Amino acid sequence: MPLLRTTSMHSALRRDRRRHDAVMIVCAILLTACGADAPVAPRNAETSPASPHSGVAFAALINVRTRSVTVTPPARRGPAGATPSIAGRDAPSLSLLGSDVIGLVASNVRISPVGAYAPNKVRVTFDLGIEIRLPTLALTVPTWPVPPAPEVILFPIAYATTVAPGNAAGGNGNVVEVTQPSLGTVSPSPDWNGTGAPGSGSPYNFFTSAPCTAEASADCFRWITFGSRLEPGRTRDTRTVGFDMDASVQQFRTRMIVAADLAPAAVKP
C-alpha cells in the first residue's frame, strides 16, 4: 500500500507539472502578442483620409539643429473644392484655403531638454499665425469639414522625420552637404490644444465618420483654433503648436491644413 500511494503521488505531481508548463506556454504566447509595444508609423499625407486635400496643405520643415521652421505654401492655389453658398454671391463659401488666400507665419522655435515631458523625448514648439492675403475677404467658421469648435481651424495631416543636413569641407575647399538618416518618431504634442479649454484639441475626425478611439488613429488629427472670425490686414492671434519626437530626430516635416469659410470683410479698403 505505501508503494501504491507513492506511485500515485508521483503521477499527480507529473500531471500538475504538465499543467503548469502548459499554462506558462500560454502566458508566454499572450505576453508576446499583447505585451510588446506596437511600432508607431509616421503619418503619411498620401495614405491619410485627408490625402485628396493634401494639395492645400502648408508644409513646415523643422530643423532642430538650427532651431528654424521653413514654411512652404501649398502646391494648389485657391480654395479646394470651394462651394458657393446658396444664400448668394456675398455669403460665405466653404473651402480648405490655399496660398493665394492665406499664409502661415512661423516664429519662436523652442526645444525642450531631453526627457522634460517624456523619457528620451524632445518637445519642439513654435508659434503660428494666419495672414490673410485678400483685402476684401475675411475668414469665418468652416461649413466643411464640420469643425470640432465654431472657429477657424488648423490641423496637421502628416508628420515624419526627414534627413538632417550637415556641413563638411570638401577637398577643393567648397562646402559639401552631407545627409544622414534621422531615425525616430514624431507626433503632435498636447500644445495642439484646440480652443485652449481643458481637454480641447483631442484627436478629431475631420473627413470620415470613424470614431477617434486612439491617439494614433489614421482618421483623426489634433487641432487648434484662431477665433470665429479673422479680418484681413494683420496676422491674427498667433498660437503655439508642438511636436514630441525621439531625441535622435534632427529634422522633420509636417503638413497642415487651414479650414475656414470666406466672407466679405467687415471693413473694405
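Which residue forms a salt bridge with Arg123? That is a friendly place to start, and the reply is Asp244, with the closest N and O atoms 2.6 Å apart. The notes below begin with the whole chain and then return to this pair. Please keep in mind that this is a predicted model.

1. **The chain as a whole.** If you are new to this structure, begin with its elements: the protein chain has 18 strands and 1 helix. It is 269 residues long, and 38% of them count as buried.

2. **Contacts across the sequence.** Take the contacts between residues at least 6 apart in sequence: 71% of these join residues at least 24 apart. Several of the pairs described below link parts of the chain in this way, and they can be looked up one by one in the model.

3. The whole structure holds 6 salt bridges. One of them joins the side chains of Lys121 and Asp246, with 2.6 Å from N to O. Here Lys121 lies in strand β6 (residues 121-132) and Asp246 in strand β17 (residues 235-246), so this pair ties together parts that are 125 residues apart in sequence.

4. **A salt bridge between Glu231 and Arg229.** The side chains of Glu231 and Arg229 also meet in a salt bridge, at 2.4 Å from N to O. Glu231 is partly exposed, with a relative accessible area of 24%. Arg229 is partly exposed as well, and its value is 30%.

5. **The aromatic residues.** There are 10 aromatic pairs in the structure. Phe155 and Phe206 make up a stacked one, with 3.9 Å from centre to centre and 5 degrees between the planes. This pair links distant parts of the chain, 51 residues apart: Phe155 is in strand β8 (residues 153-161), and Phe206 is in the loop between β13 (204-205) and β14 (220-221). Both residues are buried.

6. **Another partner for Phe206.** How are the rings of Tyr204 and Phe206 arranged? Their planes stand at 80 degrees and their centres are 4.9 Å apart, so the pair is edge-to-face. Tyr204 is partly exposed, with a relative accessible area of 24%, while Phe206 is buried at 5%. Tyr204, Phe206 and Phe155 belong to one aromatic cluster that also takes in Trp144, Phe207 and Phe221.

7. **Gln251 and its polar contacts.** Gln251 lies in strand β18 (residues 251-264). With a relative accessible area of 7%, Gln251 is buried, because that value falls under the 20% cut-off. Which side chains does Gln251 reach through polar contacts? One is Asn63, at 3.1 Å. Another is Thr162, at 2.9 Å.

8. Gln250 is placed in the loop between β17 and β18. In contrast to buried Gln251, Gln250 is partly exposed, with a relative accessible area of 29%. In sequence, Gln250 and Thr161 are 89 residues apart, yet their C-alpha atoms are 8.0 Å apart in space.

9. **Asn193 and its surroundings.** Our last stop is Asn193, found in strand β12 (residues 193-194). Asn193 is partly exposed, with a relative accessible area of 25%. Beyond its neighbours within four places in sequence, Asn193 is in contact with Ser200, Gly201, Trp223, Ile224 and Arg239. From Asn193 to Arg239 there are 46 residues in sequence and 9.6 Å in space, C-alpha to C-alpha.

Note on methods:
Residues numbered from 1 in each chain as written. Predicted model: local features only at pLDDT ≥ 70, side-chain atom pairs only at ≥ 80, totals over all residues. Heavy atoms only, no water. Helix = DSSP H or I, 4+ residues; strand = E, 2+ residues; numbered from the N terminus. Buried < 20%, exposed > 50% of the residue type's maximum accessible area, 1.4 Å probe, protein only. Contact = heavy atoms within 4.5 Å. Phe/Tyr/Trp six-rings, centres within 6.5 Å; stacked < 30°, edge-to-face > 60°. Salt bridge = Lys/Arg side-chain N within 4 Å of Asp/Glu carboxyl O. Polar contact = N/O pair within 3.5 Å; in protein donor to acceptor, adjacent residues only side chain to side chain.
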